[in-house]
Amino acid sequence: MKRFAIAVFSLLFTITFSIGNYFLVCNKVDTIISIMEKDRHLTLYEGKADEKRINEITETWKKHEVFLVSMMTHHELEDVEIGVQCLNDYVNQEFTHEYIKTLNECINKLEHIKETQLPDIKNIF
């Protein structure tokens, strides 16, 4: 009977941890995406990027990066990390088009990461 209770407890713990992890990852990814979308909108409206917004994106990314990398494989996040690092260079060189393109790629990759974390039949098999 003890083995059965331990097995049930382990199963419930694993399910609870997985569900909590999913919502935590989604929350952190949504935070990063919302900052990037706001910056993209303002950059398109103003015609140039602002260093304050880039610093906000970079700080938010660094704040959540350790958790995201520890909860999923690093190769999923490499492109986003490289994109965030390139944003500052694009602004310094006044490459607004490349800046917006990189923001779009980062947003799309983060959306894809969020979709792949969803406990769905297509993600399991």
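Helices α3 and α4 are roughly antiparallel to each other, a label given to angles over 145 degrees, whereas those under 35 degrees count as roughly parallel, 65 to 115 as roughly perpendicular and the rest as oblique. The angle between α3 and α4 (residues 96-117) is about 160°, and their axes lie 9 Å apart. Axes here are lines fitted to C-alpha atoms, for helices over the stretch in contact, with angles running from 0 to 180 degrees between N-to-C directions. The crossing of α3 with α4 is left-handed, a term used if the near helix is turned anticlockwise from the far one by less than a right angle; clockwise would be right-handed.

The model is predicted: local features need pLDDT of at least 70, side-chain atom pairs count only at pLDDT 80 or more, and totals for chains, interfaces and linings use all residues. Residues are numbered from 1 along each chain as its sequence is written, and side-chain values use heavy atoms, with hydrogens and water left out. Helices are DSSP runs (H or I, at least four residues), as are strands (E, at least two), numbered from the N terminus.

**Helix pairs**

Two packed helices are described by the angle between their axes and the distance between the axes.

| Pair | Axis distance | Crossing angle |
|---|---|---|
| α1 and α2 | within 11 Å | roughly 160° |
| α2 and α3 | within 10 Å | roughly 160° |

Helix α1 covers residues 2-46 and helix α2 covers residues 51-71, with axes that cross at roughly 160°. That makes α1 roughly antiparallel to α2. The crossing of α1 and α2 is left-handed. By class, their contact has 13 nonpolar, five polar and six charged residues. In this scheme Ala, Val, Leu, Ile, Met, Phe, Trp, Tyr, Cys and Pro are nonpolar, Asp, Glu, Lys and Arg are charged, and the others, Gly among them, are polar.

The axes of α2 and α3 also cross at roughly 160°. That makes α2 roughly antiparallel to α3. Here too the crossing is left-handed.

**Helix α3**

Helix α3 runs over residues 78-92, and its 15 residues should span 21 Å at 1.5 Å a residue; the end C-alpha atoms are 22 Å apart, which agrees. The expected span is 1.5 Å times one less than the number of residues. A kink of about 30° in α3 is centred on Cys86, the bend at a residue being the angle between axes fitted to the seven residues ending there and the seven starting there.

Val80, Glu81, Gly83, Val84, Leu87 and Val91 of α3 are buried. Buried means under 20% relative accessible area, exposed means over 50%, and partly exposed is in between (1.4 Å probe, protein chains only). An α-helix has 3.6 residues a turn, so residues three or four places apart point the same way.

Glu94 is in the loop between α3 and α4. Its phi is near 60°, a positive value in a residue other than glycine. With a relative accessible area of 69%, Glu94 is exposed.

Ser18 belongs to helix α1 and is partly exposed, at 40% relative accessible area. Ser18 and Gln117 are 99 residues apart along the chain, and their C-alpha atoms are separated by 9.8 Å. Glu37 is also placed in helix α1; its relative accessible area of 34% makes it partly exposed. From Glu37 to Cys26, eleven residues apart along the chain, the C-alpha separation is 16 Å.

Two glutamates sit in helix α2: Glu56 and Glu59. Glu56 counts as partly exposed at 31% relative accessibility, while Glu59 counts as exposed at 56%.
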